[in-house]
Amino acid sequence: MKLITAIIKPFKLDDVRESLSEIGIYGLTVTEVKGFGRQKGHTELYRGAEYVVDFLPKVKIETAVDDERLDEAVEAIIKAANTGKIGDGKIFITNIEQTIRIRTGETGPDAL
Amino acid sequence: MLKTLLSIFFLSLFPLISFAADEPTVNGANTSWVLTSTALVLFMTLPGLALFYGGLVKSRNVLSILMQCFAIAGIASIFWLVVGYSLAFSGDGAFVGNFSKMMFNGVTEGSVAGDIPESLFALFQMTFAVITPALIIGGFAERIKFSSVLLFTILWLAFVYAPITHWVWGGGWLQEMGLLDFAGGTVVHITAGVAALVTAIMIGPRKSFVRGNTAPHNMTMTITGAGMLWVGWFGFNGGSALAANGDAAMAMLVTHISAATGAITWMCYEWKKYGKPTALGSVTGMVAGLGTITPASGFVGPAGALVIGFLAGVICFNATLMIKQKFKIDDSLDVFPVHGVGGMLGTFLAGIFASTQLGLFSGQGFATGIESMGAQVGVQLVGIVSTFVYTAIATFLIFKVVGMITNGVRVSDDEESQGLDLVDHNERGYEL
């Protein structure tokens, strides 16, 4: 089992969600985060005092998938989240030791 | 039978007769308007100024601002009852009143001030005594101890606000001299502005100011408060006519023109200088316009108000930048450059635009006994300088004393990082 962590531009969330459900992946956890890589921030002005805001709002999506479905899931995310501009984000893949469904106690891939 | 009827008839007239004898000279229309204005001015503080200021600080300090406004409303009101009104408006002293009206002694249902009830006059003035210390909190926001605010408010009202009110409106020396200050350019704006500047310098900058990150946490709150200030100011200046007549209407009109002009001026100036007009800039320009027209509102005409609003926008804009960038003083909510400078500018301009010789830009004339613009402007300058100097010195001493009694006026570094809402009030503004 693999955990896919994708940091994407906030306005791409709906596209990514749709793209994943099209291939039958429905479970997602979404967090609002801020960060930056190479994308520059913006400035704000308040009564003559300028602030450079480095951190940009992003959305973090986490979804756990079976090993066999990893590649198609990643491809779906990239296809939906890509704009071709700096700041599109990154995907990290980590290994999941164990998954448990709280309601029934099922473990392993059945719990995904 | 007839005798009985006649006696009943005459007896029934008694209540009418005593009623009329109790209130012979109260003008109903004037009273209605000042009653309304009183509510409008209180509304300016609660929640107008509270929201305006509240949105400008960090979210962890929002309650401290709201709390200070409410607490000051309470404390200032009690102070006004106990001794403030008396010190400001009684007696024949040149510099301060006496204690004859302590606890509103002599202020009954029937007593009058001019042709409105004295209780109303005292209450109307009370709302001014509330908003003035509330304005000052912008100078030491986000780092002041709550106890220090309360003690400061009481001492400052006693030793700065009440005396200066007496000088300008209570029969004191500036009034005798013919100072034109319709609704509080000196009494409210210069005093509050200077006090904020002095206390800001004394307490030192916020850590966030030094770090360069003092951005407002809730601009929508600030803009909401600003709208309330614009509307409420109609009572502040309009009500100061103490009458429901052409004077009040003109005061309200010029107030509005100056607000609109100040807002647009600041907006355009910012647009030109930085490339984009901002919401904060527009409402700050509005406040500058309002503060500046305040002393002049009963004496100038609409065209004069246009000029006054424009100058307010330009001059207060530059004053704000100068205080922040050149002098690096953390007057956190820009009380001095907007209210202080605006008050000084407006008091000065009142001397000019009161003139009846300016064609379209004429006003309603100088003070009784003053014949020339030069003479009037001279009096205005005396008013400005004396208010400035006295306030600065007295505020310095008062803040020092407060610091001694409250064991310092500033919270610790850690407390400042945690936020005043938790540290001073054990509360959080938002539970998101």
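Author: Let us start with a definition: a crossing of two helices is left-handed if the near helix is turned anticlockwise from the far one by less than a right angle, and right-handed if clockwise. Keep in mind that this is a predicted model.

Reader: Thanks! Which handedness does the crossing of helix 2 of chain B and helix 3 of chain B have?

Author: Helix 2 covers residues 28-56 of chain B and helix 3 covers residues 62-89 of chain B. Look at how helix 2 of chain B passes helix 3 of chain B: the crossing is right-handed.

Reader: Are helix 2 of chain B and helix 3 of chain B roughly parallel or roughly antiparallel to each other?

Author: Two packed helices are described by the angle between their axes and the distance between the axes. Here the axes come within 9 Å and cross at roughly 155°. Angles over 145 degrees count as roughly antiparallel. Helix 2 of chain B and helix 3 of chain B are therefore roughly antiparallel.

Reader: How many nonpolar residues are in the contact of helix 2 of chain B with helix 3 of chain B?

Author: On the side of helix 2 of chain B, the residues include Leu46(B), Leu49(B) and Tyr53(B). They meet residues of helix 3 of chain B, among them Ile65(B), Leu66(B) and Phe70(B). In this contact no residues are charged and two are polar, while the nonpolar ones number ten.

Reader: Why is chain B called as compact as a globular protein of its length?

Author: Chain B has 16 helices and two strands. For its 432 residues the globule rule gives 22 Å, and chain B is as compact as a globular protein of that length because its radius of gyration is close to this, at 23 Å.

Reader: What share of the residues in chain B is buried?

Author: A residue is buried if 20 or more other C-beta atoms lie within 10 Å of its own. Of the 432 residues in chain B, the buried ones make up 56%.

Reader: Is Leu358(B) partly exposed or buried?

Author: Leu358(B) sits in the loop between helix 13 (335-353) and helix 14 (373-405) of chain B. Because it has 17 C-beta neighbours inside 10 Å, Leu358(B) counts as partly exposed.

Reader: Which strand gives the most to the side of chain A that touches chain B?

Author: The contact takes 14 residues from chain B and seven residues from chain A. Strand 3 (42-46) and strand 4 (49-53) of chain A each supply at least two residues of that side of chain A. With three residues, the strand that gives the most is strand 3 of chain A.

How values were computed: Residues numbered from 1 in each chain as written. Chains lettered and ligands numbered in written order. Predicted model: local features only at pLDDT ≥ 70, side-chain atom pairs only at ≥ 80, totals over all residues. Helix = DSSP H or I, 4+ residues; strand = E, 2+ residues; numbered from the N terminus. Buried ≥ 20, exposed ≤ 12 C-beta atoms within 10 Å, placed from the backbone. Rg over C-alpha atoms; globule rule 2.2 N^0.38 Å. Contact = placed C-beta atoms within 7 Å. Axes fitted to C-alpha atoms, helices over the stretch in contact; angles between N-to-C directions. Parallel < 35°, antiparallel > 145°, perpendicular 65-115°, else oblique. Nonpolar A, V, L, I, M, F, W, Y, C, P; charged D, E, K, R; others polar.
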